[in-house]
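Have the sequence and the 3D view open as you read.

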Amino acid sequence: MMRNPDRLQTWTEVVEALKSHIENLAWERVPGVGRVIWNGELPLSCHLPIGRRQNEPIPVACSRSISSRASASTTGLTSSAQPTEASPAITETAPTETPSTIEPTVTPRVSSSTSTDSGTILSSRSTSFGGSDTTSIASPAASPTISPGVVTCQQQRPEGAPSGSQIANALSSQDQVATFCAAKFDTSDPLTQNFYHGSMQIQVHRGYDSEVLSYCTEGLNAIIDACIRNGADFGGIYRRGNQVFMISNLVFPNNPLEIGDDGGPPPPGVTICFDERPSDAPTGDQIANALTKHLALETMCSTSFPMTNPLSITFNHQYIFTTLERGYETEPLNYCLWGLNAIIDNCIRHNSFYGGSYTQGDQKYSVKNHIYPSNPLSPYDDGGPPAPTPTPAPPIPIDPGVAPGCIENQVTDIPIFYDLADGRQSLRNLIYRLRSSTCQNLCDIAHIQGVDSQYLVATRFGTSGCEIAIRITPDLELYLYSTGPGQNCYDATDKIINTCIPNYRQGWLNGPNFGEFYQLGTRAMNAPTAVHPPIARNHWSMLPHTEIQLDFIPNYATLLHVARYWELGLTAAGWELRAALAACYPLSIWDAGADPDRRWDQLFTIDWVDDATHCRARAIEKTLGLPWGSVMM
C-alpha cells in the first residue's frame, strides 16, 4: 500500500487501510514466532499470532521497526532480488503452534539498488533473549524472503576439556558434515534425524518431509566455526527458515570425543590387584599413606628415566617397589598419576592387597611388596615393623690395616656446615647420619636424623645394597653407597670418613667378601655413577647452609654480607667473628647489624687489609662454617 500523493494521511488512516488489505498480502513464517506480513516497501511489519485457526479473523499488530537488514554492511547480507506482493516467495497456511512471547526484530525489504556479494558471510556477537551469547550469521539466501540464519552457542567447555580446534577437527574430518547433510531421512521420522561422533550429537531438522536441506552445510559449519573452533562451547543451534541444526555434547561437561581423537579420552585402563595381605599386615590406609606422603607419587611421575633403561624405572619405599614402564623413549607418562592412584585406591586402601598393576595403552604401572608376605614398610612408618638391630658382622671382617682410596682434593665448593632441623651440623656429622641409616639396612628417606625428606633420595639395588643422596648445593650431592648393611659397613665408612673427609671429595673401600664395596663423598648432581635416576632440579630441594658475599672498598673497608646468619647460633653483635678476625690483625673498623639488602640477614663492616697470609679468610670460613678456601680476600 503506497501513500496517495494527492492528500496527506495520518498513521491511523494508514493502519486502517492496511487492515482492509491485509489478507491479500504476502506473509512470511518466522520460526518460533508467527507470520510477518510485508506491505510492499513500507517499513511496517505486522506480527500474526501463532495458532490462529483458518477461519478466524486476523488480529493485526503492526509497528515501524529498524532491523538488522537495514544496515547490511555490518549485520546482514542482502540480495538485489526483491519479492513483490503479486508473487511472494513463501505463501503458506499458518499451522497450529505454541505461541511465543518473544518477537525478534523483523527485517524489512530494502531497495533493489542495494547489493552485497552473496559469497560473503558476516557475523556479530550479541546477547540473546535467553541470556547466552548469540552469533548472528548472515548467509547467502536461497530465497530473499528467508531471514538470515542465527547461531546460539551452548554448553560452555570447562577447564581441561578438548580445545575448540580438536573438537572442530573431529567433527569436520572425512567430510562428515557433507555426509550428514546428504543422508536420507528415515521414513519413520522424515523431519528429524541424528548423527553421532563419540558422544557429540549432530541433529538436523526440516519443516516438511520433502524439504531440501538447503542450509545444512551452512548451518553446521556456522556452529563449528562460531561456537566451537573460535568459541568456548561444545556446540550450538542454527536456525534458518523451517530448518534447525544442532550440535551438542551428550555427556556434558565430560569429554565427548572418541578414543583415538586428538584430545579424546584415554583408552580405558585395567587394574589388577595381587599379593593379598595376611591378617597381621599393616592396614590399607597405613600402606597407602606411606606411599603418598611428601608428594611421592608426583615426584615419581615427573622423574626422568635413566639413559641406561629409558623404558622402565623403579622406585622404592623401604621394600615396596613401584615400577613405571612405557612403550618408547620419548613417551610422556600421561597415565602415571591416574594409574598409581588407581592401584592405591582400588587394591590397597579400599581392598586387602599389598599392590597391583595398572595398564593403559603401552604404559604399565605396578606396586609390589618385594619381601611378600612380610611387612614391607619402614620401621618409622605407621604400621611398620620394629626397628631392627644392627646386622651381625659378615664372616670375613674388614682388615683393620686396610686403607681406603681418596679421590679429588679440590673441595673449595663444598660447605662444611649445614642447617638441619636439630641445629647446625658439620659435613662429617651429616655423613655419619647417612651411615647410621644405611648400615642398619634402613634405606629410606623418612628419618635421616634432622634432614627432611625433600632433600633426600634413597635407592635400593641388588639384594641388600643401598645408596642415599642429599642435594647440598645447586650442583652437588652428598652420597653414601653400600653393597650391604652390618659391621663391615660401619667399619668401612668410618675409615673413609676419617681418612678422606673433608680434605678430599670422595673415598672408597673394597670389603673382603665377594662384591662388597663402599663409597661416599660429594659428586655432581645426577652424576653418571649415581644409582638413583636423574631428578629434575625443581623436584629436589637443596639442604640449607650459610652463604656470604664480600664487597670491597679498596684501601678502606670490606663489607661481609651473610645469609642464614641466625641459624648459626652466633651473637647478633658478631663477637665470635670479631675475635677470630682480631686474632689475625688489629681491627680499626668494625660494625655489625641487619643488612639493608633483604637478600641477606647480617652485614659486617671491617677495615681493608692486604691479607697475604689469608688469615682473615680462614677465620671467616671457620666461624661461619664455610668450605676451606672458599673465601678470597
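## Aromatic pairs

Let's start with the rings. This is a predicted model, and the count of aromatic pairs in it comes to 8. Take F180 and F195 as one example: their ring centres sit 4.9 Å apart and their planes make an angle of 25 degrees, so this pair is stacked. The two partners come from distant parts of the chain, 15 residues apart, with F180 in helix α4 (residues 176-182) and F195 in strand β8 (residues 192-197). Are they buried or exposed? F180 has a relative accessibility of 8%, so it counts as buried. F195 is buried too, at 14%.

Now try Y354 and Y372. Here the ring centres are 6.0 Å apart and the planes stand at 85 degrees, which means the pair is edge-to-face. This pair also links distant parts of the chain: Y354 belongs to strand β15 (residues 353-360), while Y372 lies in the loop between β16 (363-369) and β17 (405-407), 18 residues away.

F461, Y481, W508 and F517 make up one aromatic cluster.

## Two helices packed together

How do you describe a pair of packed helices? You give the angle between their axes and the distance between those axes. For helix α11 (residues 575-582) and helix α12 (residues 615-624), the angle is about 155 degrees and the axes are 9 Å apart. Angles over 145 degrees count as roughly antiparallel, so that is the label for α11 and α12. The crossing of α11 past α12 is right-handed.

Which residues meet where α11 and α12 pack? On the α11 side you'll find E576, L577, A580 and L581, and on the α12 side R616, A619, I620 and T623. Sorted by type, the residues of this contact are 5 nonpolar, 1 polar and 2 charged.

Finally, look for N441, in the loop between α9 (427-438) and β20 (456-461). With a relative accessibility of 21%, N441 counts as partly exposed, because the buried label needs a value under 20%.

What does N441 touch, apart from its neighbours within four places in sequence? Its contacts are Q318, Y319, R460, S464 and P485. Check G484 as well: N441 and G484 are 43 residues apart along the chain, yet their C-alpha atoms are separated by 7.5 Å.

Terms used
Residues numbered from 1 in each chain as written. Predicted model: local features only at pLDDT ≥ 70, side-chain atom pairs only at ≥ 80, totals over all residues. Heavy atoms only, no water. Axes fitted to C-alpha atoms, helices over the stretch in contact; angles between N-to-C directions. Helix = DSSP H or I, 4+ residues; strand = E, 2+ residues; numbered from the N terminus. Parallel < 35°, antiparallel > 145°, perpendicular 65-115°, else oblique. Left-handed = near helix turned anticlockwise from the far one by under 90°. Contact = heavy atoms within 4.5 Å. Nonpolar A, V, L, I, M, F, W, Y, C, P; charged D, E, K, R; others polar. Phe/Tyr/Trp six-rings, centres within 6.5 Å; stacked < 30°, edge-to-face > 60°. Buried < 20%, exposed > 50% of the residue type's maximum accessible area, 1.4 Å probe, protein only.
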